[in-house]
Amino acid sequence: MDGTPLTSTPPRTPERRLLGALALAAAAALSLSACGGAVANALGRQPDPRATTFATGADAKADASLPGWAPDGATDVRVKQRPGGDERIVTMRAALADLPDDCVPVSAEHPLAPRPAQGDPADFRSVSTLTADWWPAEAEQDATVMCGAWWVGERDGVLYAFTPERRTVPVS
């Protein structure tokens, strides 16, 4: 015998082991780095958007997490926002009666539709892409009031508010 292995698998050498370890280390570093978000997006997983809780509506407004229409006296405020985007989902303990007069009921004259500050409304989604354990599926579709660009509805003493997101992100 000449010492040649009987299999087609090349013998393991220290160089091959080192290359395997380096590849594994590179993958781990990439997943933990800022590039990991891009990798997660490419794999169909979205990084967790910013989620914040506040004791009151006034606290959330002071943090610029809620607009002026939100009742100061609202409690148990939860906000989830898409980083770099317009979409937000919000819950708070308050009632529709606590909203200001410029919030208008949804009707034929004021339909439930995206009303962005900039851009064509047709470029915006009408369904939330954000999820949270405190946000019922499709709660945005139950909105009965429009507060500017916000869709607002009430269930059991809790207001659910949503702002739509663009279908595609414009490149500058």
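In which strand is Asp76 found? I looked this up in a predicted model, and Asp76 turned out to be in strand 2.

**Entry 1: backbone angles**

I checked phi at Asp76 and found a positive value of about 50 degrees, although Asp76 is not a glycine. Most residues other than glycine have a negative phi, so I noted the residue. Its relative accessible area is 37%, so I filed Asp76 as partly exposed.

I then went to Ala64, which also has a positive phi, near 65 degrees, and is not a glycine. Ala64 sits in the loop between helix 3 (57-62) and strand 2 (75-81). I have Ala64 down as exposed because its relative accessible area of 60% is over the 50% cut-off.

**Entry 2: the disulfide**

How many disulfides does the structure hold? I found one. The bond joins Cys103 to Cys147, with an S to S distance of 2.1 Å. I traced where the two cysteines lie: Cys103 is in the loop between strand 3 (88-93) and strand 4 (104-105), while Cys147 is in strand 5 (residues 145-147). They are 44 residues apart, and the pair links distant parts of the chain. I read 120 degrees about the S-S bond, and the link is right-handed. Are Cys103 and Cys147 buried or exposed? I recorded both Cys103 and Cys147 as buried.

**Entry 3: nonpolar cores**

I looked next at the largest nonpolar core, which has 19 residues. Trp69, Val77, Met92 and Val152 have the most contacts inside this core. Strand 2, strand 3, strand 5, strand 6 (150-155) and strand 7 (158-163) each give two or more residues to it.

I listed the contacts of Val77, leaving aside neighbours within four places in sequence. Among them are Thr52, Thr53, Phe54, Thr56 and Gly57, and also Ala60 and Leu66. Val90, Thr91 and Met92 are in contact with Val77 as well.

I opened the second largest pocket, which holds about 260 Å³ of space. I counted 13 lining residues, and the closest to the pocket centre are Asp86, Pro116, Ala117, Phe124 and Ala149. What is the make-up of the lining? I sorted its residues into six nonpolar, three polar and four charged.

Key: Residues are numbered from 1 along each chain as its sequence is written. This is a predicted model: local features need pLDDT of at least 70, side-chain atom pairs count only at pLDDT 80 or more; totals for chains, interfaces and linings use all residues. Side-chain values use heavy atoms; hydrogens and water are left out. On a 1 Å grid over the protein atoms alone, a cavity is a set of points where a 1.4 Å probe fits but cannot get out, and a pocket is an open set with protein on both sides within 12 Å along at least five of seven lines; lining residues have an atom within 4 Å of a point. Grid points are joined across faces, edges and corners, and a volume is the space filled by probe spheres set on the points. Ala, Val, Leu, Ile, Met, Phe, Trp, Tyr, Cys and Pro count as nonpolar, Asp, Glu, Lys and Arg as charged, and the others, Gly among them, as polar. A disulfide is a pair of cysteine sulfur atoms within 2.5 Å. Helices (H or I, at least four residues) and strands (E, at least two) are DSSP runs, numbered from the N terminus. Buried means under 20% relative accessible area, exposed over 50%, partly exposed in between (1.4 Å probe, protein chains only). A nonpolar core is a set of buried Ala, Val, Leu, Ile, Met, Phe, Trp, Tyr and Cys residues joined through side-chain atoms within 4.5 Å. Contact means heavy atoms within 4.5 Å.
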